[in-house]
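Trainee: Hi! I'm new to this one, could you walk me through it?

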Amino acid sequence: MATNLVEKLPESVLLNIFHHLASKDLGRVGMVCKNWHRIALDYSLWQHVDLRGLSLWKESIISLIEKISPFVSVMNISGCGLSVAFITTLAEKCVKLKTLSLQGAYFTDLVYNFRLCWNSFKTLENLDVRFLEGLCSNVFIEHIHLFRNIQSLGLANINSSGELERVFISLRNLRIVHFQNCPSLTDSNIDTLAGSCPKLESLCLTGCIYVKGSTFPRLFAECRNLQTLLMSCTRLQNSNIMKTDWSKASLTELDFSYCYGIGESGLMEMLPKLTDLRYLQLSFCGWGRAFSDNVISAMSQMNYQQLEILDIHSSFNITGKTLCKFAERCPRLRSLCVGSAITSCEELRSLLKNLRNLKHFYITKQATIKTETVFTNIKKFCPRIETLALYDFYAINRYRVENALVELVAACKYLKVLCIRGTNVPLRTELAQLADKVKTCTKRNDIEISRRPYFLLSGAKLCLDSALKNSTHLN
């Protein structure tokens with residue numbers, strides 16, 4: 001009876017149902033019968049293909065790619081085992097492919113060489129090959145300079161500096177470049193990038209330990225559209241920061257976190273000139289000593305009307321009073337990670353009353369601030385709060401903490417995540433019971449209250465991951 005009903009469903013209904021299936025499940029339903037096989041190959045189902053978790057060296061997968069290749073514009077095969085035959089099929093058959101993610105994928109072939117045609121991947125615009133592994137991975141990377149339409153590129157494992165030079169010189173349409181833990185990347189390569197890619201808008205060099213920033217002057221002179229600069233865990237030198245004319249930069253997103261070579265004088269030279277920043281990440285900059293009261297005071301003389309995200313966690317030379325004054329200059333601030341900068345209840349109130357649009361807030365315990373005081377002030381001043389993270393807090397009076405938390409959850413309808421990394425019994429072993437009681441009292445089962453670490457900040461907007469995500473939505 002049920003089988004007959006399914007057989008009578010109109011093709012349009014089946015097609016609509018198939019649209020809700022993952023790519024690997026579409027392959028399975030296509031084997032049910034000839035009619036389903038035909039519907040499962042409809043072009044609209046295969047524009048965005050996600051094959052993560054599959055063994056892509058199998059002949060059945062390669063056969064499927066040959067059938068759907070005219071339709072595919074986005075393909076995600078991150079973390080997959082793949083073969084040379086699979087890659088060459090993609091290169092030759094997927095004539096509309098615009099986005100290809102190979103992050104963490106690995107070649108299974110025990111060969112050291114293969115060759116792609118000069119016009120392979122001629123429509124490809126976004127390519128992510130970060131942490132691509134296997135004997136053939138370097139061979140594939142050596143072909144990247146042939147993909148002339150690439151605009152967004154992610155790389156990690158590059159054997160030679162010369163190969164990087166060839167990539168930059170060939171791919172003059174690059175807008176977004178993301179290098180991660182690339183030991184062969186140096187300032188000389190950045191100089192070549194600046195001279196070859198004038199359209200560059202976003203540059204991420206996270207973990208590239210041989211980058212010191214000596215070519216910043218040319219980078220900003222040549223790449224006038226550069227908006228995002230992400231340099232976390234590099235070896236930037238303060239002297240190079242001082243030599244750069246930051247008034248020529250048009251940066252809106254900046255990450256200098258865990259850059260131990262930067263000092264206070266470098267930030268004093270740079271930050272007051274970057275008043276269009278939307279995203280600023282300075283966690284543990286200069287071993288936590290570079291971002292100081294002097295820097296914030298200089299910034300407070302300017303208006304940061306566009307600043308939305310600020311992370312100064314593990315900055316040990318700032319005081320709450322100076323931070324509160326700066327917050328008055330940031331009317332759009334919605335994500336703030338202050339760490340232990342706020343040291344009193346008065347400073348907490350002064351800070352939050354100027355941040356009515358705050359959505360994400362991270363604070364580390366100070367002895368004079370009670371847990372319930374944080375809840376009460378968030379409820380009073382930040383009605384739009386969505387994420388609240390309290391680290392190293394403890395409950396002296398569980399009853400007061402419980403009541404304040406109930407009032408907070410009841411009042412702040414947008415609050416979805418509350419992370420409490422408590423240090424004593426009520427906020428450690430009894431947190432689950434406390435969370436259950438709060439949910440029951442407020443009838444809010446949609447909120448997560450736990451000790452699970454939560455990534456508070458959303459990160460840069462103009463970056464490789466965003467480009468890959470947006471391509472899925474726009475194509």
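Trainee: What volume does the second largest pocket have?
Mentor: The second largest pocket has a volume of about 440 Å³. Keep in mind that this is a predicted model.

Trainee: Which residues are the closest to the centre of that second largest pocket?
Mentor: They are Gly27, Arg28, Ser60, Ile61 and Leu64, out of 20 residues that line the second largest pocket.

Trainee: And which helices supply at least two residues each to that lining?
Mentor: Three to look for here: helix H3 (23-29), helix H4 (34-40) and helix H5 (59-68).

Trainee: How do the lining residues of the second largest pocket divide into nonpolar, polar and charged?
Mentor: Nine of the lining residues are nonpolar, seven are polar and four are charged.

Trainee: Okay, switching to the surface. Which residues make the nonpolar surface patch of about 200 Å²?
Mentor: That patch is made by Leu9, Val13 and Ile17. Ile17 sits in helix H2, which covers residues 11-18.

Trainee: Now the backbone. What is the phi of Phe121?
Mentor: Phe121 has a positive phi of about 50°, although it is not a glycine. You'll find Phe121 in the loop between strand S5 (106-107) and strand S6 (126-128).

Trainee: Is Phe121 buried or exposed?
Mentor: Phe121 is buried, because its relative accessible area is 2% and buried means under 20%.

Trainee: What about the phi of Cys233?
Mentor: Cys233 also has a positive phi, near 65°, and it too is a residue other than glycine. Cys233 lies in the loop between strand S10 (228-230) and helix H11 (238-243).

Trainee: And how accessible is Cys233?
Mentor: Its relative accessibility is 35%, so Cys233 counts as partly exposed.

Trainee: What separates the C-alpha atoms of Lys248 and Leu236?
Mentor: Those C-alpha atoms are 19 Å apart, and the two residues are twelve residues apart along the chain.

Key
Residues are numbered from 1 along each chain as its sequence is written. This is a predicted model: local features need pLDDT of at least 70, side-chain atom pairs count only at pLDDT 80 or more; totals for chains, interfaces and linings use all residues. Side-chain values use heavy atoms; hydrogens and water are left out. Patches are made of residues with over 30% relative accessible area and no salt bridge: like charges are joined within 9 Å, nonpolar side chains (Val, Leu, Ile, Met, Phe, Trp, Tyr) within 5 Å. Accessible areas come from the Shrake-Rupley method with a 1.4 Å probe; for residues, only the protein chains shown count as cover. A salt bridge is a side-chain nitrogen of Lys or Arg within 4 Å of a carboxyl oxygen of Asp or Glu. Helices (H or I, at least four residues) and strands (E, at least two) are DSSP runs, numbered from the N terminus. On a 1 Å grid over the protein atoms alone, a cavity is a set of points where a 1.4 Å probe fits but cannot get out, and a pocket is an open set with protein on both sides within 12 Å along at least five of seven lines; lining residues have an atom within 4 Å of a point. Grid points are joined across faces, edges and corners, and a volume is the space filled by probe spheres set on the points. Ala, Val, Leu, Ile, Met, Phe, Trp, Tyr, Cys and Pro count as nonpolar, Asp, Glu, Lys and Arg as charged, and the others, Gly among them, as polar. Buried means under 20% relative accessible area, exposed over 50%, partly exposed in between (1.4 Å probe, protein chains only).
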